[in-house]
Amino acid sequence: MRRIEYSRYGGPEELRLNNVEPKAPCDDQISIRVKAASTNPMDWKIRAGTMKMMTGKNFPRGVGTDFAGVVEAVGRAVTRFKVGDAVFGAMTVKESATFADTILTAEDTAAIKPESISFEEAATLPIAGATAWTALIDTAKLQSGQRVLVNGCLGSVGRAAVQIAKVHGAKVVGTCSPGGVAEAQALGVDEAIDYRGFDPKTYRKSFDVVFDTAGVLSPGQCLPMLTSKGVALHINLNPKKMIGVLFTRRNKAVIAKTPSTILEELARLAANGKLKLSIAGVIPLADAIPAITKLEANGLPKGKLVIVP
Ligand SMILES: NC(=O)c1ccc[n+]([C@@H]2O[C@H](COP(=O)([O-])OP(=O)(O)OC[C@H]3O[C@@H](n4cnc5c(N)ncnc54)[C@H](OP(=O)(O)O)[C@@H]3O)[C@@H](O)[C@H]2O)c1
């Protein structure tokens, strides 16, 4: 089977599409024939070695966390899936390797794909959706009627955050690039603001939750925007931001969790038409390396790159 992999940390020039021997699942694993995978910024952060404390030194490594596909074999201890099930999910950061024909992953990293959404749509949901869920629901404990700022509301995490916040009855203010205001409103944002003109100082005590998906707000800029019990959520973490977060209890660092329980929540929303992410392009696995290289250099407007074997 084919898999995109690399043999040392570095840039996209390290990527190769190789033929590798498929393995049988261990006791708690399922083998999945991948129908679609999607890219996340973390794919290249991992490949660049910025997460090597977690990803280690074993090479070659695969690329990609998000997947959707069909179960083709199950380990002896697997209870939730059978051969032929359509599933979606996210491999762990350490094992990530979804840009491939097949994957082996623990059963807790997957959930049943809703019949009403395509494999391509399902593959866009796991990391972006679970990050928004971990932040807004698990960390901020978002309540109906609360006011949320989603900074970067048309990115993949931002789109998921807007939709999850609206389902939970929140009022959403979202920042986006100037051309995106109408699209943000169509997504459900109550007040869409061009981020070039966004000044945190004009939003004193305005939000119960500030969710900085873009990673451009400092903990110090967030605090004045919060109501007395409000929290600011940071997902784009660097050492300086981590220090800022450690010193202020109401700024919180969020690391996405993708257990099957959260995937099932995302599946329920997607099945009801309440959660849908934008797809910027669908490309075959054979053409994925040049497409990833271009994406890293230029970025892609409006959505995710989906890779199909
Ligand atoms: N901690 C975690 O577990 C975790 C999980 C998932 C993602 N992340 C990180 O979170 C970040 C977002 O991920 P993503 O998948 O949503 O990326 P994405 O799809 O590229 O979205 C980023 C968004 O930020 C917007 N943006 C850029 N500059 C901005 C500014 N100055 N103000 C407001 N918005 C701005 C972009 O808008 P334009 O394109 O229109 O400029 C874009 O919509 C990435 O850095 C990713 O690595 C962390």
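Is Lys205 buried or exposed? In this predicted model, Lys205 is exposed, because its relative accessible area is 57% and a residue counts as exposed when that area is over 50%. The legends below describe this residue and several other places in the structure.

Figure 1. Lys205 lies in the loop that runs between β11 (191-194) and β12 (207-212). Lys141 is found in another part of the chain, in the loop between α4 and β9. With a relative accessibility of 51%, Lys141 counts as exposed. Most residues other than glycine have a negative phi.

**Figure 2. Leu136 belongs to the largest nonpolar core.** This core has 48 residues, and those with the most contacts inside it are Leu136 and Leu233. Helix α4 (residues 126-139) gives the most to the core, with seven residues. Apart from this core lies another, of 34 residues, including Tyr9, Ile32, Ala37 and Phe81. When neighbours within four places in sequence are left aside, the contacts of Leu136 include Leu142, Val148, Ala161 and Ile164. Leu136 is also in contact with Ala165, Val209, Phe211 and Leu233.

**Figure 3. Strand β9 pairs with strand β10 in the parallel sense.** Strand β9 covers residues 147-151 and is mostly covered, with four of its five residues buried. Five bridges link β9 to β10 (residues 171-176). Within this pair, Leu149 stands opposite Val173 of β10.

**Figure 4. Three strands form an open sheet in the order β2-β1-β4.** The pairing in this sheet is antiparallel. Strands β2 (16-19) and β4 (61-62) stand at the edges; each has a single partner strand, so one side of each is left without a neighbour in the sheet. Strand β1 (residues 2-6) pairs with β4 over two bridges, in the antiparallel sense. Glu5 has Gly62 of β4 as its bridge partner.

**Figure 5. A cis peptide bond joins Phe59 and Pro60.** The omega angle of this bond is about -5 degrees. Pro60 is placed in the loop between α2 and β4. Most peptide bonds are trans.

**Figure 6. Helix α1 has buried residues covered by several elements.** In α1 (residues 41-48), the buried residues are Met42, Asp43, Trp44, Ile46 and Arg47. Among the elements that cover them are the strands β1, β3 (29-38) and β4. The cover also includes the helices α2 (52-55), α4 and α10 (288-298). Just after α1, Gly49 takes a positive phi of about 95 degrees.

**Figure 7. Ile243, Leu246 and Phe247 make a nonpolar surface patch.** The patch has an area of about 400 Å². One of its residues, Leu246, is placed in helix α8 (residues 239-247). Leu246 counts as exposed, because its relative accessibility is 68%.

Notes
Residues numbered from 1 in each chain as written. Predicted model: local features only at pLDDT ≥ 70, side-chain atom pairs only at ≥ 80, totals over all residues. Heavy atoms only, no water. Patch = residues over 30% accessible without salt bridge, like charges linked within 9 Å, V, L, I, M, F, W, Y side chains within 5 Å. Areas by Shrake-Rupley, 256 points an atom, 1.4 Å probe, with all protein chains shown as cover. Salt bridge = Lys/Arg side-chain N within 4 Å of Asp/Glu carboxyl O. Buried < 20%, exposed > 50% of the residue type's maximum accessible area, 1.4 Å probe, protein only. Core = buried A, V, L, I, M, F, W, Y, C linked by side-chain atoms within 4.5 Å. Contact = heavy atoms within 4.5 Å. Pairing = 2+ DSSP bridges.
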